[in-house]
Amino acid sequence: MGKVYLTGAGPGDAELLTRKAFRLIQEADVIIYDRLVNTDLLKDTKSGCECIYVGKENKHHILPQDEINHLLYTKALEYACVVRLKGGDAVVFGRGGEEALFLASRGIAFEFVPGVTSAIAVPEMANIPITHRGKAVSFRVVTGYEAPEKGYAQLDWQSFIQDETIIFLMGLHQLKTICTQLMAVGKSKDYPIAVISRGTLEDEKVVVSTLGKIYEQAKDLPTPALIVVGEVVTIREILMGGS
Ligand code: SAH
């Protein structure tokens, strides 16, 4: 019986991969990977390595989660080294925990291999540090995925504190709601916000704006995209030689 490595592939740029993940990709008998994984990483596999795409983003799951779980299980029975490769880090809105629980319940050995999460790296590479003295004392990573009828409204908008950076993953389609809700709980229409599309990749796009204006400017950006809200967004302009 083999072992399953629940491995983070980093945010996009193939160089933002840990050495451990790189080694496992080279040693893998099978790699089961998602849509957000940079497929350049699959060039380093050994000959005969089976690469299985189970791409998923938002609701367009190609394989439902229970089938992915089952696939991991059957591949672990078949192979020694199973690499489950996921965008960013496997446990940051990546369902890595669920896959680990499923494997553990069936007596399959597993190990988490941390990856560089887009939540931090994508803003950072766009010159937006997510904490910064005097601008952000904390940061919060939240999902914009849930539809209102499925509990999106559960997000406690009042709970966002001052001087906090908020990073929304899977939130582009909810951009309007996010801005409206934040203004409804007292943030000004001039409060800084950025949308970063395809961060860390060559065709990255960054739109820096305000809660009042960003929707029209950023709604059509390509995915994956994340949203950063907070005073830290203003640092980008300074770092890039602006005011
Ligand atoms: N486990 C992943 C996140 C999965 S949720 C991680 O740790 O990074 C998927 C969301 O992550 C996307 O909808 C988007 O909001 C964000 N994302 C992932 N890669 C991104 C990229 N290169 N640029 C911008 N956003 C990205």
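I count Ala, Val, Leu, Ile, Met, Phe, Trp, Tyr, Cys and Pro as nonpolar, Asp, Glu, Lys and Arg as charged, and the others, Gly among them, as polar.

**Ground rules.** I am working with a predicted model, where local features need pLDDT of at least 70, side-chain atom pairs count only at pLDDT 80 or more, and totals for chains, interfaces and linings use all residues. Residues are numbered from 1 along each chain as its sequence is written, and side-chain values use heavy atoms, with hydrogens and water left out.

Next I checked polar contacts (pairs of N or O atoms within 3.5 Å). A ligand nitrogen has a backbone N or O atom of D89 at 2.8 Å, and a backbone N or O atom of G199 also lies 2.8 Å from a nitrogen of the ligand. On the oxygen side, a polar backbone atom of A225 is 2.6 Å from a ligand oxygen. The protein buries 95% of the 550 Å² that the ligand exposes when taken alone (Shrake-Rupley, 1.4 Å probe).

Entry: A pocket here is an open set of points on a 1 Å grid over the protein atoms alone, where a 1.4 Å probe fits, with protein on both sides within 12 Å along at least five of seven lines; lining residues have an atom within 4 Å of a point. The lining includes W157, F160, K187 and E231, and its residues split into six nonpolar, three polar and three charged.

Entry: Most residues other than glycine have a negative phi, and most peptide bonds are trans. I found a cis bond joining T223 and P224, with omega about 0°; P224 sits in the loop between α6 (214–218) and β10. M170, not a glycine, has a positive phi near 55°, and I place M170 in the loop between β7 (164–169) and α5 (175–184).

Definitions and conventions
Polar contact = N/O pair within 3.5 Å; in protein donor to acceptor, adjacent residues only side chain to side chain. Helix = DSSP H or I, 4+ residues; strand = E, 2+ residues; numbered from the N terminus.
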